[in-house]
Amino acid sequence: MALYRYRYRDGSVAARVISGIFGLIAFILALHIAFVMLEANTGNPLVNLVKQMADFLAYLFKDIFTLEDYKLQALLNYGLAALVYLAIGGIIGGAIDRRGTP
């Protein structure tokens, strides 16, 4: 219970917003990974939109691992990007949350 009160104090709205934004980015990347793994129809507008957003968000990570298996390559590259975004969001959110401590 004490952890709940600490993590969601009244002064941590900004920390929750930052963590939420980075969590949404990681969700988009994870959704793209799921579409690749399940071989979703790339002609579908939703699948195409998610791919374009994931390509933009993972621009620096897209070619870190170049493998013959496209599914494994997508899992590693976009998965690494998602983990980095989650870590950055957690660090920034935690820093903002701690800064608001009286």
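Which residue forms a salt bridge with E39? The residue is K71, and the closest N and O atoms of the pair are 2.9 Å apart. A salt bridge here is a side-chain nitrogen of Lys or Arg within 4 Å of a carboxyl oxygen of Asp or Glu.

This is a predicted model, in which local features need pLDDT of at least 70 and side-chain atom pairs count only at pLDDT 80 or more, while totals for chains, interfaces and linings use all residues. Residues are numbered from 1 along each chain as its sequence is written, and side-chain values use heavy atoms, with hydrogens and water left out.

**Salt bridges**

The structure holds 2 salt bridges. K71 lies in helix α4 and E39 in the loop between α2 and α3, so this pair ties together parts that are 32 residues apart in sequence. Helices are DSSP runs (H or I, at least four residues), numbered from the N terminus. The other pair, K51 and D55, lies within helix α3, with the two residues 4 apart, about one turn of the helix.

| Salt bridge | N to O distance |
|---|---|
| K71 and E39 | 2.9 Å |
| K51 and D55 | 2.8 Å |

Burial is given by relative accessible area: buried means under 20%, exposed over 50%, and partly exposed in between (1.4 Å probe, protein chains only). E39 is exposed at 59%, and K71 is partly exposed at 27%. K51 is partly exposed at 30%, whereas D55 is buried at 16%.

Helix α2 covers residues 13-37, which is 25 residues. From its first C-alpha to its last it reaches 35 Å, close to the 36 Å expected at 1.5 Å a residue (1.5 Å times one less than the number of residues). After α2 comes E39, with a positive phi near 55 degrees. The buried residues of α2 include F22, I25, I28 and L29, and the buried residues of this helix pack against α3 and α4.

The largest nonpolar core has 16 residues. Such a core is a set of buried Ala, Val, Leu, Ile, Met, Phe, Trp, Tyr and Cys residues joined through side-chain atoms within 4.5 Å. I25, L29, L57, A58, Y78, A81 and Y85 touch the most other members. Two or more residues come from each of α2, α3 and α4, and α2 gives the most, with 7 residues. Leaving aside neighbours within four places in sequence, L57 is in contact (heavy atoms within 4.5 Å) with I25, I28, L29 and Y85.
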